[in-house]
Number of protein chains: 2
Amino acid sequence: MTTPFDDAERAAVYRAIHERRDMRHFVRDPVDAAVLQRLLDAAHHAPSVGYMQPWRIVRITDPALRDALHAGVERERQRTADALGQRRDEFMKLKVEGMRECGELLVVALMDGRERHVFGRRTLPEMDLASVACAIQNMWLAARAEGLGMGWVSLFDIDEVRTLLRMPPGAKPVAILCLGHVAAFYPEPMLETERWATRLPLQECVFDNAWPLKPRE
Amino acid sequence: MTTPFDDAERAAVYRAIHERRDMRHFVRDPVDAAVLQRLLDAAHHAPSVGYMQPWRIVRITDPALRDALHAGVERERQRTADALGQRRDEFMKLKVEGMRECGELLVVALMDGRERHVFGRRTLPEMDLASVACAIQNMWLAARAEGLGMGWVSLFDIDEVRTLLRMPPGAKPVAILCLGHVAAFYPEPMLETERWATRLPLQECVFDNAWPLKPRE
C-alpha cells in the first residue's frame with residue numbers, strides 16, 4: 001500500500017480532478033454495465049463519518065419514473081427562477097440538467113436510521129451528507145477517467161422524490177445524477193462559459209490562522 | 001479535453017480512490033509548500049452548486065491555535081463517548097485524530113453570505129456542504145497520489161472553532177483536516193481493522209427504481 005504513485009499516476013489523478021465537469025449535455029448511447037459497476041464501487045469506497053456508509057443509490061430504468069422525476073425537476077426549475085428575482089431570465093436560459101438524454105439516471109439518498117450513528121455526528125449531524133458527497137465525487141472522477149460525463153441535479157422537491165421512489169420517511173434524496181456519454185467535455189465550467197459566475201482567485205479562499213478582516217466597502 | 005484517458009491513467013484514478021484512507025497516524029515531517037498548493041488548488045477545482053465555491057480553508061500555523069483546537073476536539077471526544085452508551089469504551093480506544101503529529105492542520109468552513117445563493121439550493125440549502133465535501137474529497141485523492149495522508153475530524157464544537165478562528169456568524173466550520181506524511185497507509189479502513197464496523201456489500205446500497213421493501217425481522 002505504500003508504493004509511491006509514479007509521476008504519470010499522479011498526473012492522471014490531477015487530470016481527472018481538473019478535467020471533471022458538471023455535465024448537462026449527453027448523447028444517448030448506453031453506459032456499459034461493467035463500467036457502471038466500477039463507478040458504483042468507486043462511490044462505495046468513499047470515506048464516511050464513523051464508517052456509516054450512508055449512501056443509497058437508486059438506479060432508474062423505468063421510463064415512466066424517469067419522466068416523473070424530470071417533470072418534478074422542471075417544476076422546481078420554474079420555482080427557482082421565480083426565487084432568483086433579477087437573475088430570473090438569465091437562469092432560465094441555462095441548461096441545468098440532461099435527465100432525458102443521459103444513458104443512466106441515478107437518485108442518491110441518505111439512508112434511513114441515521115440517528116443511531118453518533119461517531120463524528122454529535123455536533124455535526126450533517127456529516128452524513130458530507131460522506132455521500134464524497135461518494136458522488138469519487139464517482140464523478142472515475143466517470144471522467146472512463147470518458148463519461150456526470151451532472152448533479154439538486155432542483156427537486158424532496159418529498160416528491162421520496163414518494164416516487166417509495167423511500168421510508170427517514171431516508172432523504174440529495175442528488176439526481178445524470179450519467180452518460182458526451183459529445184465533448186466542457187473546456188471550463190459551463191456556468192463560467194455562460195457568465196453566470198467566475199472562478200474565485202484561490203487566495204480569496206485560503207487564509208492563515210484566522211478569517212480575514214472584511215475589506216471596507 | 002476529449003482525449004480519452006488511457007488504461008494506465010484510468011487505473012491511477014481508481015488506485016487513488018481505492019487506496020485513499022482516513023488517516024489518524026502521521027509522522028512529523030513537513031509538507032512541501034508546492035505540494036500543499038497543488039492540494040489546495042485541487043480542492044478549488046471541485047464542483048459547486050450554482051458555481052458558488054463555498055469553501056474557505058484556514059491554514060493553522062500558530063502552535064497555540066493548534067493546541068487550542070486539539071483541546072476542543074479532546075473535549076468533544078469525551079462527550080461523544082458519553083453519548084455512545086454501550087460502545088463508549090470501544091470508542092475511547094480508537095485513535096480518532098492526528099492533530100498534534102500531522103505536518104499541516106487545516107480548518108475548512110462554509111463561507112458566510114450563502115443565503116444569496118439560490119441556484120440548486122432552494123429546496124436543499126445544504127448543497128453548500130455537499131460542494132465543500134467534494135472539494136475535500138478532491139484534496140484527499142490528490143494527497144494520496146502525492147503520498148500524503150489526510151484525516152477529516154468532525155469532533156468539535158462549532159461555536160468554539162468559529163470563535164478561535166474569528167469567523168463571522170454566517171460562516172461555519174465543517175472539518176478539521178490533518179494532512180501529512182505517514183509511515184504507511186492503512187491496508188483497509190482503520191475502523192474496519194479495529195472492528196468498529198464492516199464494509200457493507202455493495203448490493204445493499206444499490207436499488208432498482210424504488211427503495212427495497214424491508215425484510216421481515
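A:Leu155 counts as buried because it has 23 C-beta neighbours inside 10 Å; a residue is buried with 20 or more other C-beta atoms within 10 Å of its own, exposed with 12 or fewer and partly exposed in between, the C-beta atoms being placed from the backbone. This is a predicted model, in which local features need pLDDT of at least 70, side-chain atom pairs count only at pLDDT 80 or more, and totals for chains, interfaces and linings use all residues. Residues are numbered from 1 along each chain as its sequence is written, while chains are lettered from A and ligands numbered from 1 in the order in which they are written.

A:Leu155 sits in the loop that joins β3 (149–153) to α6 (158–164) in chain A. Helices (H or I, at least four residues) and strands (E, at least two) are DSSP runs numbered from the N terminus. Apart from neighbours within four places in sequence, A:Leu155 is in contact with A:Val73, A:Glu76, A:Arg77, A:Thr80, A:Val96 and B:Gly120. Contact requires C-beta atoms, placed from the backbone, to lie within 7 Å. A:Lys172, 17 residues away in sequence, is 14 Å from A:Leu155, C-alpha to C-alpha.

Between the chains, 90 residues of chain B are in contact with 90 residues of chain A. On the chain B side, the elements that each supply at least two residues include α2 (33–44), α3 (63–84) and β5 (206–208). That side has 58 nonpolar, 14 polar and 18 charged residues, where Ala, Val, Leu, Ile, Met, Phe, Trp, Tyr, Cys and Pro count as nonpolar, Asp, Glu, Lys and Arg as charged, and the others, Gly among them, as polar.

Within chain B, helix α1 (residues 7–19) packs on helix α5 (residues 127–145) at an angle of about 105 degrees, with the axes 9 Å apart. This makes α1(B) roughly perpendicular to α5(B). B:Ala16, B:Ile17 and B:Glu19 of α1(B) meet B:Leu141, B:Arg144 and B:Ala145 of α5(B). Axes are lines fitted to C-alpha atoms, for helices over the stretch in contact, and angles run from 0 to 180 degrees between N-to-C directions; under 35 degrees is roughly parallel, over 145 roughly antiparallel, 65 to 115 roughly perpendicular and the rest oblique.

Terms used:
Two residues are in contact if their C-beta atoms, placed from the backbone, lie within 7 Å.
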